[in-house]
Amino acid sequence: MSLHTGTGRCAGLLLTVAVAAGALTGCQSIADAASASGCDGTESRVEKLESYGVLDSRPEGAVVPKGFEKPESGCWQDSGDVQLYASRTYILRGDKAQVAAHYRTVAEQEGWKPDRDQGASNGGQFTGLCFTRDEGDRAAALDVYFLTKEILEAEERKPGPEFGSGSGYRVEVTAAADGSPADCSG
């Protein structure tokens, strides 16, 4: 399981200073406090997210791009928020509406409830879908969205040429580590 902090180099330096200051003053460091609660013990919940069939489902003609062969999952912390995630990335050289139709059907079959359809927010151009699922204290969100070269570069991924056409998309299931209500990013 990987840990994404989303903090960047400057925050890493600040964290180093805080840890050192804590050691010098005898106080509990920020790093100790984060590791004591944050992502520790979330492995089984991440495995639950990985088990949703919608992640491995894809419309006819969709392929897994080079560099994205394995599903990605884990836990990340940012500004006190602790999020669990599992995702798959695909390429489809077809119509984006085909992606939308496929995931609307699969999500409904798995018990996901529509939360937001982002098609109307972009002049009718499909940009993504959002669904939620509430299983008692374990709420989750399903987000299907198209990737850009810029998104992948911000993730420090080297996008292949297939991403230049706008046909790359991600299927991602997320949940708050504390079980609070789920929603899609964006």
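**Exercise 1. Which cysteines form the disulfide, and are they buried or exposed?**

Solution. Begin with Cys 39, which is buried, with a relative accessible area of 10%, because buried means under 20% relative accessible area, exposed over 50%, and partly exposed in between (1.4 Å probe, protein chains only). The model is predicted, so that local features need pLDDT of at least 70 and side-chain atom pairs count only at pLDDT 80 or more, whereas totals for chains, interfaces and linings use all residues. Residues are numbered from 1 along each chain as its sequence is written, and side-chain values use heavy atoms, with hydrogens and water left out.

Next, search the whole structure for a disulfide, a pair of cysteine sulfur atoms within 2.5 Å: one is found. It joins Cys 39 to Cys 75, with S to S at 2.0 Å. Cys 39 lies in the loop between helix H2 (30-37) and helix H3 (43-50), while Cys 75 lies in strand S2 (residues 72-78), 36 residues apart; helices (H or I, at least four residues) and strands (E, at least two) are DSSP runs, numbered from the N terminus. Cys 75, at 1% relative accessibility, is also buried.

**Exercise 2. Which strands pair with S7, and in which sense?**

Solution. Strands pair if DSSP finds at least two bridges between them. Strand S3 (residues 81-91) is joined to S7 by nine bridges and runs antiparallel to it, with Tyr 85 opposite Thr 174 in S7. Strand S6 (residues 138-146) pairs with S7 over six bridges, in the antiparallel sense, and Val 144 stands opposite Val 171. Finally, S7 (residues 168-176) is mostly covered, nine of its nine residues being buried.
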